[in-house]
Amino acid sequence: MTETNPVISARNLDLVFQTNDGPVQALKDVALDIEKGDFVSFIGPSGCGKTTFLRVIAALEHPTGGTVTVNGMTPDEARRQRAYGYVFQAAGLFPWRTIARNIKLPLEIMGFSRAEQDERVERVLKLVDLDGFGEKYPWQLSGGMQQRASIARALAFDADILLMDEPFGALDEIVRDHLNEQLLALWERTGKTICFVTHSIPEAVYLSTKIVVMSPRPGRITDVIESPLPKERPLDIRDTPEFLEIAHRVREGLRAGHAYDD
Ligand SMILES: Nc1ncnc2c1ncn2[C@@H]1O[C@H](COP(=O)(O)OP(=O)(O)OP(=O)(O)O)[C@@H](O)[C@H]1O
């Protein structure tokens, strides 16, 4: 543990869903510290609680045991203060609104002035390399561009924390590689703390400063890997022995989690 105050801190976190088929332990005894500026990936098989953990941070679910703090506050307080932006797997843009007006929607609801809205839209479109596309409609953009627009929308509040739930899962590999590079560049430029859910080992290793390996039934953390890779990461870093070594450890962690089930 470091001496700084973690941006997100979970202790003894439990979450049990009561379902018609009985209780489901989505998270069990989860403990994790995420420091300012960390890029943390959550990886694990379906049902290991990755989305649930993100939703707990965002105060969209409430734990049945243990504690979580976000910027030193409860998740509910952090949510009221707009401490994070949330990016979902599907871009979720309204087809009848332009990209700019999609990004503005939450700003309108929050009561930002017109001028402030315009200024923010311009700034976040630049951040995701979509300047000039504000007046297009979602259907006029490729899947990758739509996903970047949804990232821009999540950045519009200028929150320090970005929660991303498999944002590139539905995209082909080439587009995904490109978005991974762009996301790293954005992370470096903005210094945000990013929590990123993925099923892809190379994506997790390429992006992260910290990789959290999870396993299901009950959903729990089985390994936390601090990446020794430098911040500067060209795509071909994926062929280096250092990269492959971390990927191997993640794979072993995932395998061990599976063995527990058998
Ligand atoms: N609202 C809910 N009610 C009941 N059970 C739920 C609910 N949300 C999640 N679960 C259960 O909790 C467990 C963890 O789900 P979660 O969606 O967090 O997993 P995940 O790791 O994100 O999976 P995936 O990779 O498929 O998205 C699963 O068994 C799931 O069925």
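Into which domains is the protein chain divided?

**View 1. The two domains of the chain.** The chain splits into domain 1 (1–83 + 178–262) and domain 2 (87–158), with bounds that come from an automatic or database domain assignment. Please keep in mind that this is a predicted model, in which local features need pLDDT of at least 70, side-chain atom pairs count only at pLDDT 80 or more, and totals for chains, interfaces and linings use all residues. Residues are numbered from 1 along each chain as its sequence is written. Taken over C-alpha atoms, the centres of domain 1 and domain 2 are 26 Å apart. Where the two meet, 5 residues of domain 1 are in contact with 7 residues of domain 2; contact asks for C-beta atoms, placed from the backbone, within 7 Å. The side of domain 1 that touches domain 2 has 2 nonpolar, 2 polar and 1 charged residues. In this classification Ala, Val, Leu, Ile, Met, Phe, Trp, Tyr, Cys and Pro are nonpolar, Asp, Glu, Lys and Arg are charged, and the others, Gly among them, are polar.

View 2. Helices (H or I, at least four residues) and strands (E, at least two) are DSSP runs, numbered from the N terminus, and two strands pair if DSSP finds at least two bridges between them.

View 3. Because 6 of its 6 residues are buried, strand 7 is largely enclosed by the rest of the structure. Buried means 20 or more other C-beta atoms within 10 Å of a residue's own, with C-beta atoms placed from the backbone. Thr193, Cys195 and Val197 are buried on one side of strand 7, and Ile194, Phe196 and Thr198 on the other. Strand 7 pairs with strand 3 in the parallel sense over 5 bridges, where valine 40 has cysteine 195 as its bridge partner. Strand 6 also runs parallel to strand 7, over 5 bridges, and aspartate 165 is partnered by valine 197.

View 4. Another open sheet has 3 strands in the order 2-1-4, with antiparallel pairing. Strand 2 and strand 4 (65–70) are the edge strands, and the twist averages 30° from one strand to the next. Between strand 1 and strand 4 there are 5 bridges, and serine 9 stands opposite threonine 69 in strand 4. Helix 1 lies across strand 1, strand 2 and strand 4, running at about 65° to strand 2.

**View 5. The shell around the ligand.** Of the 13 residues around the ligand, Phe17, Ala26, Ser46, Thr51 and Thr52 come nearest; a residue is near if its C-beta atom, placed from the backbone, lies within 6 Å. Strand 1 (8–19), strand 2 (22–34) and helix 1 (50–57) each supply at least two shell residues. Helix 1 gives the most, with 3 residues. By class, the shell has 4 nonpolar, 8 polar and 1 charged residues.

Terms used. A residue is buried if 20 or more other C-beta atoms lie within 10 Å of its own, exposed if 12 or fewer, and partly exposed in between; C-beta atoms are placed from the backbone. Axes are lines fitted to C-alpha atoms, for helices over the stretch in contact, and angles run from 0 to 180 degrees between N-to-C directions.
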